[in-house]
Amino acid sequence: MNNWNIKIGTFALLFSLLIGGCKDLDEINENPNGVSPSNANVNMLMPTVLVGVGQNMVNLGYQDLAGVVQHTQKDGWNGGHNHYEWGLQDWSGWYGLLRTNQFMIQRADEVNSPFHKAVGLTMKSLIFGMITDLWGDAPYSKALQGDKSGREFQFPEYDNQEAIYRGIIDDLKAASAIFASANNSAVIAQYDVYFGGNVVRWHKFTNSLLLRYYMRISSKLPDVAKAGIEDVAKSGVLLTDAAEDVVMDYIGASAGDSWPTATSFDAGSNFRRLKPCNTLLDFMLENQDPRIKVWFREVHCQWVEDKTLATAVDPFIRRNGVLQQGVVSLTDEQYLTQIAAGNKFTRHYNPDLLGSKLDTRIYVGLPPGALAPSEHNRNPTPGQTLENQHASQLADVYRQTRHALLKARIISAAEVHFILAEAALKGYAVGNAETHYRNGVQSSLKTWGVTNSFDAYIKQPKVAFNGTVKQVIEQKWVASWTNAAEAWFDFRRTGFPELKPGPASPEPVVPVRFIYGGNEINFNNAEVEKAISRLELTPYERGRGANNQWSKTWIIQGTGKPW
């Protein structure tokens with residue numbers, strides 16, 4: 001709503017109060033079109049929570065956290081993405097979802113719908129899990145009770161991270177027990193945007209989240225993690241196939257319900273700003289990963305080494321080998337049209353005269369943390385133009401508002417198999433590590449429509465199972481494409497993959513947490529300061545204070561990870 005509409009609405013309200021002064025204020029404030037909380041349909045509360053979580057997770061995992069785990073880099077407006085130049089980050093969006101979710105749990109009890117209560121407990125666990133994973137200690141036991149009197153509810157204390165993880169696990173176990181016996185008689189299927197009211201799929205989702213959080217605490221509470229993972233694995237009620245991935249589709253009708261880089265809504269600038277990072281791309285190319293063609297586009301114009309060239313570089317591009325006089329580069333739209341028509345564009349250079357090497361591959365990424373990423377690979381249009389013809393863009397599917405591949409992926413069968421593979425390597429009684437590893441790889445390939453390439457891919461020297469946690473986590477890192485938050489959390493506890501920041505990073509190590517936001521610092525300062533005091537300072541504090549992105553939270557304190 002713009003300011004004029006706000007002002008008009010305010011004037012209208014004042015006018016109605018003046019001319020209707022004899023009316024009771026309670027009567028004036030009643031909304032004849034509103035729904036009383038006591039009559040709210042519990043089904044209608046689900047979409048707000050489920051969609052909000054899906055959107056938040058994609059926005060995290062497809063944007064700046066994808067830069068942290070070096071899935072992508074940006075060649076414009078890149079400070080937060082490439083260099084971790086983060087400021088205060090508020091969590092109000094997550095707690096807003098928690099408030100709606102808490103109301104759903106309350107209404108589920110009031111209308112006697114165990115199914116909806118279990119959904120609420122599962123989503124509560126997932127949301128609180130994201131909050132503590134991202135920031136550390138947070139309001140938990142006294143949170144979401146602002147309607148109660150008492151300072152402890154208005155300014156809730158920060159529970160320590162261990163207590164939050166234990167609470168998450170307890171709630172997931174409670175939800176799992178409910179799903180084991182609940183029916184879906186109270187469910188209106190279209191409001192369950194994940195599973196359409198399928199109780200079995202919710203049960204598998206809940207148990208799979210239990211595996212995620214048990215593994216999260218495995219370095220700090222190994223006995224709890226081992227027993228918990230073994231129990232879930234023994235139950236057999238968990239995600240096993242890519243068809244069971246917990247996902248949210250995009251409608252594609254507007255910017256708010258479309259894939260976040262759809263070019264029809266942002267004129268292409270945000271889409272073209274994202275490029276594959278060489279850390280990921282080089283790993284995939286070395287192993288002939290079939291997902292490359294699904295995720296990335298070949299360069300518009302390929303560099304060709306030519307030692308017969310009289311100058312260091314061709315000033316102009318070549319189309320099908322013919323020099324295009326006066327044409328340094330085409331626009332993105334022109335390249336797309338002409339390449340689709342079968343044309344191939346190249347540009348020649350003489351390495352003897354240039355004195356440096358250019359990337360001549362058909363897939364080219366950006367190095368992590370580059371000082372001038374828009375200039376990479378001798379881009380003739382540097383700066384915010386964002387049309388580097390010599391670097392790969394994301395695949396064309398990511399230009400669209402919706403597509404069968406464009407989903408918010410909450411948790412996948414691939415992740416579950418990789419968790420079990422790691423657990424087996426730790427000595428847990430969960431089955432064979434190699435079998436789980438192969439199933440994890442195969443599930444990810446199936447998710448991206450390249451299952452037929454599994455036999456060839458799994459035989460690659462660095463992909464064939466070698467019995468190391470490092471290999472399991474590296475494949476899990478690749479499979480977490482568009483869900484980079486989970487890759488970040490794995491990196492923090494294992495140190496894999498071995499990510500190194502680039503030269504533009506302010507510190508020589510990757511960050512490990514978000515910074516507590518301004519709302520908390522301003523309005524709940526005493527409690528946030530207690531939480532900050534429990535952070536572990538590292539050599540990378542450098543005068544920033546403890547509330548910085550390189551301070552360690554409980555989950556990695558004393559582990560020596562990731563650095």
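**Working chat: contacts and strands in the model**

User: Hi! Let's start with D245: buried or exposed?
Analyst: D245 is buried, with a relative accessible area of 5%. Bear in mind that this is a predicted model.

User: Which side chain does D245 meet in a salt bridge?
Analyst: That would be R409, with the N and O atoms 3.4 Å apart. The two come from distant parts of the chain, since R409 is in strand β10 and D245 is in the loop between α11 (222-235) and β4, with 164 residues separating them.

User: And R409, buried or exposed?
Analyst: R409 counts as buried too, at 11% relative accessibility.

User: Which ring does the charged end of R409 sit over?
Analyst: The ring of W448, 5.4 Å from its centre. Another case of this kind is K148, whose charged end is over the ring of F153 at 5.2 Å from the centre.

User: Back to β10. How many of its residues are buried?
Analyst: Five of its five residues, spanning 407-411, so the strand is mostly covered by the under 20% cut-off for buried.

User: Which strand pairs with β10, and in what sense?
Analyst: Strand β4 (residues 246-249) does, in the antiparallel sense and over four bridges. One of the positions is M248, whose bridge partner in β10 is A408.

User: Before we go on, how far do you trust the model? What's the mean pLDDT?
Analyst: The chain averages 92, and 93% of its residues are at 70 or more.

User: Where does pLDDT stay under 50?
Analyst: Over residues 1-35, where the model has six contacts beyond four places in sequence. Where pLDDT is low, predicted coordinates should not be read in detail.

User: What does R272 form a salt bridge with?
Analyst: With E387, and the closest N and O atoms lie 3.6 Å apart. This pair also links distant parts of the chain: R272 is in helix α13 (residues 269-273), while E387 is in the loop between α17 (351-354) and β10, 115 residues away. R272 and E387 are both buried.

User: Which residues are in the network with R272?
Analyst: Salt bridges with shared partners connect R272, R297, D332, E387, D396 and R399 into one network.

User: Let's do aromatics. How many aromatic pairs are there in the whole structure?
Analyst: The search finds 37. One is Y540 with W563, an edge-to-face pair with 5.2 Å between centres and 90° between the planes. Y540 and W563 each lie in the segment after α24 (525-533), so the pair ties together parts that are 23 residues apart in sequence.

User: Buried or exposed, those two?
Analyst: Y540 is buried, with a relative accessible area of 16%. W563 is partly exposed at 24%.

User: Which residues form the aromatic cluster?
Analyst: Its members include Y84, W86, W91, Y95, W488 and Y516. Y84 has another feature: a positive phi of about 65° although it is not a glycine. Y84 is in the loop between α5 (79-82) and α6 (92-110), and it is buried at 1% relative accessibility.

User: What about the phi of Q70?
Analyst: Q70, also not a glycine, has a positive phi of about 60°. Q70 sits in the loop between α4 (64-68) and β1 (72-74) and counts as buried at 1%.

User: And where are the cis peptide bonds?
Analyst: One joins F496 and P497, with omega about -10°, and P497 is in the loop between α22 (484-494) and α23 (518-523). Another runs from K561 to P562, with omega near -5°, and P562 lies in the segment after α24.

User: Last one: what order do the strands take in the open sheet?
Analyst: The four strands run β6-β9-β7-β8, with mixed pairing. β6 (301-305) and β8 (322-323) are at the edges with a single partner strand each, so one side of each has no neighbour in the sheet. Inside the order, β7 (residues 318-319) and β9 (residues 345-349) pair antiparallel over two bridges, and the bridge partner of R319 in β9 is F345.

Methods: Residues numbered from 1 in each chain as written. Predicted model: local features only at pLDDT ≥ 70, side-chain atom pairs only at ≥ 80, totals over all residues. Heavy atoms only, no water. Buried < 20%, exposed > 50% of the residue type's maximum accessible area, 1.4 Å probe, protein only. Pairing = 2+ DSSP bridges. pLDDT = per-residue confidence, 0-100. Contact = heavy atoms within 4.5 Å. Phe/Tyr/Trp six-rings, centres within 6.5 Å; stacked < 30°, edge-to-face > 60°. Lys NZ or Arg CZ within 6 Å of the ring centre and 35° of its normal. Salt bridge = Lys/Arg side-chain N within 4 Å of Asp/Glu carboxyl O.
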